[in-house]
Amino acid sequence: MAHWRLGKSGFRFNASHSFPQDHGYDREVHGHDYELTVWLEGERAAGEMLFDLRQLKSLVAEAVIAPLDHAHLNSILPDPSTEALAEWIWRRLRPRLPAALRMGVRLDETRTTSVEYWA
C-alpha cells in the first residue's frame with residue numbers, strides 16, 4: 001500500500017509572549033501572527049481519504065485556535081517559545097486523531113521563522 005502525507009495549512013491565530021530573562025527586545029511583551037500547518041501521514045486504501053480535512057479544520061479550531069487566539073502565551077505555557085508552542089499544539093491534537101496516522105505540525109512565527117514538531 002502507498003504511503004501518503006497530507007497537509008492542511010492556513011490555520012492562523014494571534015498571540016503575545018515575552019521572555020523576561022532575555023537581554024534583548026524579546027524581554028518585552030510582543031505579539032506574532034502565527035500560522036499553523038498540520039501534517040498527517042499514513043497509508044490509505046484506494047478511493048478513500050487519508051483523513052477528512054473538514055474534520056481537521058473543526059478539531060484545530062476547537063483545540064488550538066480557540067484557546068490561543070489573542071492569548072498571552074506566558075499564561076498558558078511555562079516556556080512560551082515557538083518550539084514549546086508547537087509541541088503544546090501537537091499534544092492537544094494528537095489524542096483527537098486516529099492512532100494509525102503519524103502527525104506533525106509546522107508553526108510559522110514570522111515569514112522567516114518556523115519550527116516543525118513530529119513525534
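Helix α2 covers residues 82-93. At 1.5 Å a residue, its twelve residues should span 16 Å, and the end C-alpha atoms lie 17 Å apart, which agrees. The expected span is 1.5 Å times one less than the number of residues in the helix. This is a predicted model; local features need pLDDT of at least 70, side-chain atom pairs count only at pLDDT 80 or more, and totals for chains, interfaces and linings use all residues. Residues are numbered from 1 along each chain as its sequence is written, and side-chain values use heavy atoms, leaving out hydrogens and water.

Helix α2 lies across β1, β2, β4 (102-108) and β5. It runs at about 145° to β4. Axes here are lines fitted to C-alpha atoms, for helices over the stretch in contact, and angles run from 0 to 180 degrees between N-to-C directions. The buried residues of α2 are T82, A84, L85, A86, W88, I89, W90 and L93. Buried means under 20% relative accessible area, exposed over 50%, and partly exposed in between, with a 1.4 Å probe and protein chains only. These buried residues pack against β1, β2, α1, β4 and β5. Contact means heavy atoms within 4.5 Å.

Now the chain as a whole. Its secondary structure comes to two helices and five strands. Along the sequence the pattern is β-β-α-β-α-β-β. Helices (H or I, at least four residues) and strands (E, at least two) are DSSP runs, numbered from the N terminus. The C-alpha atoms fill a box of roughly 55 × 25 × 20 Å along the principal axes. Of the 119 residues, 39% count as buried. Among contacts with a separation of 6 or more, 64% come from residues 24 or more positions apart.

The five strands form an open sheet in the order β3-β1-β2-β4-β5, with mixed pairing. Its edge strands are β3 (71-72) and β5 (114-118), each pairing on one side only. Two strands pair if DSSP finds at least two bridges between them. Strands β1 (residues 3-17) and β2 (residues 30-43) pair in the antiparallel sense over 13 bridges.

Next, the aromatic rings. The whole structure holds two aromatic pairs. Rings of Phe, Tyr and Trp (its six-membered ring) pair if their centres lie within 6.5 Å; planes under 30 degrees apart count as stacked, over 60 as edge-to-face and the rest as tilted. F13 and Y34 have ring centres 5.0 Å apart and planes at 15°, so they are stacked. F13 sits in strand β1 and Y34 in strand β2, 21 residues apart. F13 is buried, with a relative accessible area of 1%. Y34 also counts as buried, at 1% relative accessibility.

W90 and Y117 have centres 5.6 Å apart and planes at 70°, so this pair is edge-to-face. It links helix α2, which holds W90, to strand β5, which holds Y117, across 27 residues. W90 counts as buried at 9% relative accessibility. Y117 counts as buried at 19%.

Charges sit over two other rings. The charged end of R44 lies over the ring of W4, 4.6 Å from its centre. K8 lies over the face of F11, at 6.0 Å from the ring centre. The test asks for NZ of Lys or CZ of Arg within 6 Å of the ring centre and within 35 degrees of the ring normal.
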